[in-house]
Amino acid sequence: MKTISIPEGMQTAVFVMESGALKDAAQVIKEYFPGKTPWIVADGNTWAAAGEKVAEVLKEAGFTAKEPKIFPAVPQPHPYESTSQELAKMITEDMVPVAVGSGVINDLVKRASGIAGVRYFCVATAASVDGYTSAGAALSVDGLKKTMPCPAPYAVLADTDVLKSAPPLMMAAGYADLFAKVVAGAEWLVSDLLGILPIDKKAWDLVQKNLRMWLKDSSNLGYLFDGLASTGYSMQVFNDSRPASGMEHLLSHVWEMEGLTCNGEEVSHGFKVGVGTVAAIRLMEFMLGLSEEQARKLARPCETLEERQATVKELLKKNCYGNPEKIAFDKFKHGEAAEERRELIFRNWDRIRHLLKKQIFSYEETKRLLTEAHAPVRPQEIGLNREQFYHGLFTAQLIRARYTLLDLLYEAGLLDEAAKILDIMFEE
Ligand SMILES: [Zn+2]
């Protein structure tokens with residue numbers, strides 16, 4: 001059984017990764033979940049890709065597994081908190097849930113196991129998300145996308161033969177999700193500089209130290225899986241998704257809550273995040289092109305509370321975002337506080353630009369790398385028209401307390417001006 005190293009202090013005890021690793025599933029359970037009865041949870045696709053084989057391996061090893069729970073392949077299972085609650089009721093203390101799948105299945109089982117208070121085992125089927133090794137599950141709660149608290153998997157197994165044969169678009173989605181860490185890092189640097197959220201060196205290094213290396217070759221499955229796994233660890237270390245997620249993830253959440261589809265199909269998390277990443281990079285390039293003096297001149301006056309109330313009401317009128325008003329107004333500054341914050345930003349304008357310049361890829365390079373990885377870069381490629389794209393951009397600022405590039409531009413009075421240049425993204 002070939003394992004890969006795990007940073008110290010993680011909730012995850014073992015990570016098995018090699019060609020043919022599915023055969024090790026029984027040994028993992030014997031060693032890490034002694035005496036427990038396995039319960040496989042999969043969907044039609046992941047059952048065919050790995051679940052059936054895992055069931056066979058367990059049977060041969062003498063386990064009497066509980067009847068597997070297999071969600072249909074079509075329509076795909078949704079990441080609903082209510083589904084996790086139902087799964088949790090089916091888990092007993094003597095069981096080890098075995099999540100066979102990538103994004104949704106893993107999140108559902110992770111949360112269900114957390115609710116039931118048992119450790120679980122994750123069998124990865126695609127390098128498509130960073131959630132294999134992270135604590136917390138991204139689920140919809142009454143329509144609002146939230147990260148629900150729960151421990152990371154106690155054991156993870158990735159068979160590289162299975163990962164390799166996953167649909168290529170899933171790998172492209174994983175690459176785009178990894179690319180988003182460029183934006184997350186840039187925002188964290190700015191938050192740190194402005195005294196909003198200091199950088200945690202350990203969490204930072206897990207994502208950013210090798211990020212450029214991982215991104216330079218999108219066909220390298222090892223880099224991709226390493227990058228996604230390491231990102232998950234950083235979220236365990238920091239106990240929050242700040243190291244891995246910025247405005248591009250908030251855009252993705254807004255579009256998901258609006259039920260975005262493209263040609264009748266749901267758009268993957270990674271693809272929404274990828275388009276959001278391109279937008280974020282373009283916004284940062286806009287900042288790089290402005291001197292402090294130009295930025296000050298361009299800034300519109302700070303919004304009054306009444307103006308902001310009207311804007312927020314208009315943005316949320318679709319009423320499909322849960323109730324983010326409290327979050328939106330907790331972060332809103334007006335009057336003297338708004339002026340002070342703006343002054344802080346402009347005083348640090350050159351330092352901010354310096355940090356961004358060092359951290360990001362150029363807009364052209366970003367598009368080139370994502371396109372090479374077969375990830376979409378234009379809004380219309382994921383079914384977004386101009387109206388929905390821009391609406392998402394302004395709404396994304398309202399749904400989380402996290403300080404993002406959108407907050408920075410808004411507080412500087414530059415968000416409207418900056419948004420205009422994103423029209424370029426729609427061009428062929
Ligand atoms: Zn993500």
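**Exercise 1.** Which residues of strand 5 (residues 121-124) point one way and which the other way, and are they buried or exposed?

*Solution.* In this predicted model, begin with the side chains: Phe121 and Val123 point one way from strand 5, while Cys122 and Ala124 point the other way, and all are buried. Next, look at the neighbouring strands. Strand 4 (residues 95-100) pairs with strand 5 in the parallel sense over three bridges, and within this pairing Phe121 is the bridge partner of Val98.

**Exercise 2.** Why can helix 4 be described as largely enclosed by the rest of the structure?

*Solution.* Then consider burial, taking a residue as buried if 20 or more other C-beta atoms lie within 10 Å of its own. Twelve of the 14 residues of helix 4 are buried, so the helix is largely enclosed; among them are Val104, Ile105, Asp107, Lys110 and Arg111. Finally, helix 4 is followed by Gly117, whose phi is positive, near 75 degrees.

**Exercise 3.** How many residues of domain 1 are in contact with domain 2?

*Solution.* The domain assignment gives domain 1 as 14-166 and domain 2 as 171-426. Between them, 24 residues of domain 1 contact 26 residues of domain 2. Strand 7 (144-148) and helix 5 (160-164) each give two or more residues to the domain 1 side, which divides into ten nonpolar, ten polar and four charged residues.

Terms used: Residues are numbered from 1 along each chain as its sequence is written. This is a predicted model: local features need pLDDT of at least 70, side-chain atom pairs count only at pLDDT 80 or more; totals for chains, interfaces and linings use all residues. Helices (H or I, at least four residues) and strands (E, at least two) are DSSP runs, numbered from the N terminus. Domain bounds come from an automatic or database domain assignment. Two residues are in contact if their C-beta atoms, placed from the backbone, lie within 7 Å. Ala, Val, Leu, Ile, Met, Phe, Trp, Tyr, Cys and Pro count as nonpolar, Asp, Glu, Lys and Arg as charged, and the others, Gly among them, as polar. Two strands pair if DSSP finds at least two bridges between them.
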